[in-house]
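Please look over the sequence and the predicted model shown here. This briefing points out some features to find in it.

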Amino acid sequence: MTIGYVWNTVYGWAEIAALSAGGAIQLVDQVVSRTIDTGYALVNPPGHHAYRAGGMGFCIFNNVSIAAAYAKDVLGLERVAVVDWDVHHGNGTQEIWYSDPSVLTVSLLQHLCFPPNSGYPEERGTGAGAGFSINIPLPPASGDAAYAHAMDEVVLPALREFRPELILVASGFDASIMDPLARQMVTSAGFARLTRRVLDVADELCEGRIAFVQEGGYSPHYVPFCGLAVLRELLGDPYQPDPYSPIVSTQGGDVLLEHEAAAIRAAVPGPLPAPAENR
């Protein structure tokens, strides 16, 4: 297994943001060309709140969207999917591709966390892009079981229907049980399971072409272990419990609750629209 790592160094804010976007581009270039099997762009600042015309919420440029545009416009791909498991709504990514059927955007989020009044299931795209935006707003305190259930019931079926040529994962760790900016309960083991699911579906649908780009995550104590769990999955290494596992594994989140299942059922979209040539 070959895996790439991309990171940036410290310059001015504009230069750092440009390096973040460039890191995502470089990673996608190598994944699509099969120079590497998969990879993780460990970049900062994050990107998924940035709109086409401006920044927002710690984000200056929308790194994942820039990488998706590069994959389409430069590398010639026709269908790219973005799976965003950052705890906050990927509103900028949604806005950029809202009328474009060539990019499927899927956002798992804590309902009404940030931005407020954003990320509803009814936000499904417009014009030619109608149906290609999917939001899964989860209630606070959703943990490993709810996120895995959302992946199985909504994300993976949508990916199988869309059949992307490349999957980009907007990989935020602020859904973790120790994050100070949200109230979800995902553990490092939960992130490892999410990673395994998207790796498997990438193998099934697009010859394993999948790239991970860092988004948020604000617990200096727990983010490193969540990131390490994802990287272990990318490398094919077995999951290793982190030092916090004896504590966080006893706090809940490992059983799917009915109100969580109901929220996920409400987010199940209808069938994707037929390709334009079949309409």
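The notes below go through strands, helices, salt bridges and a few single residues.

The model is predicted. Two of its strands, β3 and β4, pair with each other in the parallel sense.

**Strands β3 and β4**

- Strand β3 covers residues 80-84, and strand β4 covers residues 103-110.
- The two strands are joined over five bridges, and Val80 stands opposite Val103 in β4.
- In β4, eight of the eight residues are buried, so this strand is largely enclosed by the rest of the structure.
- Strand β3 is mostly covered, with five of its five residues buried.
- In a regular strand, side chains alternate between the two faces of the sheet.
- In β3, Val80, Val82 and Asp84 point one way, while Ala81 and Val83 point the other way.
- In β4, Val103, Thr105, Ser107 and Leu109 point one way, and Leu104, Val106, Leu108 and Gln110 point the other way.
- The residues on both sides of β3 are buried, and so are those on both sides of β4.

**Helix α6**

- Helix α6 runs over residues 223-235 and has 13 residues.
- From its first C-alpha to its last, α6 reaches 18 Å, close to the 18 Å expected at 1.5 Å a residue.
- The buried residues of α6 are Val223, Cys226, Gly227, Ala229, Val230, Glu233 and Leu234.
- Seen down the axis of α6, its buried residues fall within an arc of 155°, so they line one face of the helix.
- Just after α6, Gly236 takes a positive phi of about 80°.

**Salt bridges between helices**

- Side chains of opposite charge can pair when their charged atoms come close.
- Arg197 and Asp152 meet through their side chains in a salt bridge, at 2.8 Å from N to O.
- This pair links distant parts of the chain, with Arg197 in helix α5 (residues 188-206) and Asp152 in helix α4, 45 residues apart.
- Arg197 is partly exposed, because its relative accessible area is 24%, and Asp152 is also partly exposed, at 33% relative accessibility.
- Glu204 forms a salt bridge with Arg160, and their closest N and O atoms are 2.9 Å apart.
- Glu204 lies in helix α5 and Arg160 in helix α4, so this pair ties together parts that are 44 residues apart in sequence.
- Glu204 counts as partly exposed at 43% relative accessibility, and Arg160 counts as partly exposed at 37%.
- Glu233 forms a salt bridge with Arg196, and their closest N and O atoms are 3.0 Å apart.
- This pair links distant parts of the chain, with Glu233 in helix α6 and Arg196 in helix α5, 37 residues apart.
- Is Glu233 buried or exposed? Buried means under 20% relative accessible area, and Glu233 has a relative accessible area of 13%, so Glu233 is buried.
- Arg196, Asp200 and Glu233 are linked in a network of salt bridges.

**A nonpolar patch on the surface**

- Which residues form a nonpolar patch on the surface? They are Trp13, Ile60 and Phe61, with about 330 Å² of accessible area together.
- Ile60 is found in the loop between β2 (38-42) and α2 (63-73).
- Ile60 is partly exposed, with a relative accessible area of 33%.

**Two further residues**

- Ser142 is found in the loop between β5 (133-138) and α4 (144-162).
- Ser142 counts as buried because its relative accessibility is 0%.
- The C-alpha atoms of Ser142 and Asp254 are separated by 9.1 Å, although the two residues are 112 residues apart along the chain.
- Pro246 is found in helix α7, which spans residues 245-248.
- Exposed means over 50% relative accessible area, and Pro246 is exposed because its relative accessible area is 58%.
- Pro246 and Ala146 are 100 residues apart in sequence, and their C-alpha atoms are 20 Å apart in space.

Notes
Residues are numbered from 1 along each chain as its sequence is written. This is a predicted model: local features need pLDDT of at least 70, side-chain atom pairs count only at pLDDT 80 or more; totals for chains, interfaces and linings use all residues. Side-chain values use heavy atoms; hydrogens and water are left out. Helices (H or I, at least four residues) and strands (E, at least two) are DSSP runs, numbered from the N terminus. Buried means under 20% relative accessible area, exposed over 50%, partly exposed in between (1.4 Å probe, protein chains only). The expected span of a helix is 1.5 Å times one less than its number of residues. The arc is that of the directions from the helix axis to the C-beta atoms. Patches are made of residues with over 30% relative accessible area and no salt bridge: like charges are joined within 9 Å, nonpolar side chains (Val, Leu, Ile, Met, Phe, Trp, Tyr) within 5 Å. Accessible areas come from the Shrake-Rupley method with a 1.4 Å probe; for residues, only the protein chains shown count as cover. A salt bridge is a side-chain nitrogen of Lys or Arg within 4 Å of a carboxyl oxygen of Asp or Glu. Two strands pair if DSSP finds at least two bridges between them.
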